[in-house]
Amino acid sequence: MNSTHAFHGGKSFEAIGEDFQHLDRATQVINADVLDAWFDPSPCVLSKIRDYLPFLVRTSPPAYSGGLVTAIAHARGIPLDSILIGGGSSDLIFTCLPRLASPLQKVMILDPMYGEYRHLIDALLSANIIRFELHKEEDFRIDADRLIEFVRTHRPDLLVLVNPNSPTGQHFPRREVLRLLDSIPASTWIVIDETYIEYAGREESLEADASKRQNFLVLKSMSKTYALSGIRVGYLVGVSSTIRALSKWIPPWAVSLPAQVAAVEALRDEAYYDARYRETHSLREELTSQLRRNPEITTYPSTTNFLLVEARTSAQGIVEMMRESKVFIRNCESMGERFADRFLRIAVKCRTDNARIVETLFKATAMTGARNSVSA
Ligand SMILES: Cc1ncc(COP(=O)(O)O)c(C=O)c1O
């Protein structure tokens, strides 16, 4: 595999126009191919941005997001010098991972897993990838004993986990992660991407632990769980010596002023977001039971704001058919070596949009199924 960029969702901008000609269509498309929050940012975030918009847009922000560092340190109980801010976690992945070990020769990832890591490690760093395979018969759960043994055998320079994992929605419990951390060789770096951890419970996060353990980093996106995907903000937590070394590579003003203000306000309103996570769990369970009425697909259990679905026919065929109705879901082929055009990932949306997703998906599976039986 060697390409300029990893494969991503976000195809709904085909309908809106990447030149934003048809932003008015934003409410007509369902962008369930990306995992953005279905809910709005906290009202406190929105009113701050609205009230000060001209100032926020024309003004240079604090160069290294000092106020946001303080807000995170306070909210999470993490020392100030253990936090590094970036313009979304993608920014930090590309800036920091290549600088952890030189050269990075062996990197272990989960299979399936969020595709950006594989792309970076394979296409850009040319390191060897060791895949820890997760099995559909086990709902893609991580078996801690098997993983610990695998790490001991392969002794990678870097192990990357996404927890809860995408596209599977499976959560690897904190107590098991701690067991893994205690068992891995001192020479192995471990990076845990906790983009969706709030859905498993804030107390499941290992971000505070990362400020105390050598060779361990936790990456936190504020995109999906704080509904800030468009504004771009994320952070990295590690011991102060690591954060100091990595911070040299972060340019000044990497995070826009609206993003810094929005993130600070969001962290002040955890009660609002906790209520949205509870709603998301109900919406996801409703969507799961509706999808499970369709014998043409298998819907896997999830703890997050998205679901993994296995189809009997071509996933790409289904994606393309649904796209005609402006409903966008994600073909997972690039996220798993053994997915073979059969797996789809669907973001949980509001109740009305979920109903439209179910309706278009059922039509698409019926049509692709009928097409297959004619050609058989
Ligand atoms: C697991 C995971 N990590 C990181 C990212 C990047 O998020 P952002 O750059 O918006 O913080 C995503 C985005 O979908 C993701 O799913």
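These are my notebook entries on a predicted model, taken one topic at a time.

**Entry 1: the domains**

I began with the domain assignment. It gives domain 1 as 13–41 + 271–375 and domain 2 as 43–269. Domain 1 is therefore written as two stretches of the chain, in the assignment's own bounds. I looked up the centres next. Taken over C-alpha atoms, the centres of domain 1 and domain 2 are 25 Å apart.

**Entry 2**

I traced an open sheet of seven strands. Its order is β2-β8-β7-β6-β5-β3-β4, and the pairing is mixed. The edge strands are β2 (83–86) and β4 (128–133), and each of them pairs on one side only. From one strand to the next, the twist averages 20°.

I noted a general point here. Strands of a sheet pair through backbone hydrogen bonds, and the pairing is either parallel or antiparallel.

I then went through some of the pairs. β5 (residues 158–162) and β6 (residues 189–193) are parallel, with five bridges. L161 has I192 as its bridge partner in β6. Helix α3 (residues 66–76) packs on this sheet, where it touches β2 and β8 (234–237). The direction of α3 makes about 130° with that of β2.

β6 and β7 are also parallel, over four bridges. V191 has L217 as its bridge partner in β7. How do β7 and β8 pair, parallel or antiparallel? They are antiparallel, again over four bridges. V218 has V237 as its bridge partner in β8.

**Entry 2: a closer look at β7**

I stayed with β7 to see how covered it is. Six of its six residues are buried. I looked at which way they point. F216, V218 and K220 point one way, while L217, L219 and S221 point the other way. Both groups are buried.

**Entry 3: helix α4**

Which residues of helix α4 (residues 89–96) are buried? I found S89, L92, I93 and C96. Seen down the axis of α4, these buried residues fall within an arc of 105°, so they line one face of the helix. I then asked what they pack against. The list is β2, α5 (115–124), β6, β7 (216–221), β8 and α9 (240–247).

I searched for cis peptide bonds. One joins N163 and P164, with omega about -5°. P164 sits in the loop between β5 and α7 (174–183). The bond from S166 to P167 is cis too, and omega there is near 15°. P167 is also in the loop between β5 and α7.

R155 has a phi of about 40°. It is in the loop between α6 (144–154) and β5. R232 has a phi near 70°. Its place is the loop between β7 and β8.

Are these two arginines buried or exposed? R155 has 14 other C-beta atoms within 10 Å, so it counts as partly exposed. R232 has 22 such atoms within 10 Å, so it counts as buried. The cut-off for buried is 20 or more.

**Entry 4: the sheet of four strands**

My last topic was an open sheet of four strands. Its order is β9-β10-β13-β12, with antiparallel pairing. β9 (297–299) and β12 (330–331) are the edge strands, and each pairs on one side only. I followed one pair in detail. β10 and β13 (residues 343–347) run antiparallel and are joined by five bridges. V309 has L344 as its bridge partner in β13.

I finished with α11 again. This helix lies across β9 and β10, and it runs at about 10° to β10.

Note on methods: Residues are numbered from 1 along each chain as its sequence is written. This is a predicted model: local features need pLDDT of at least 70, side-chain atom pairs count only at pLDDT 80 or more; totals for chains, interfaces and linings use all residues. Two strands pair if DSSP finds at least two bridges between them. Axes are lines fitted to C-alpha atoms, for helices over the stretch in contact, and angles run from 0 to 180 degrees between N-to-C directions. Two residues are in contact if their C-beta atoms, placed from the backbone, lie within 7 Å. A residue is buried if 20 or more other C-beta atoms lie within 10 Å of its own, exposed if 12 or fewer, and partly exposed in between; C-beta atoms are placed from the backbone. The arc is that of the directions from the helix axis to the C-beta atoms.
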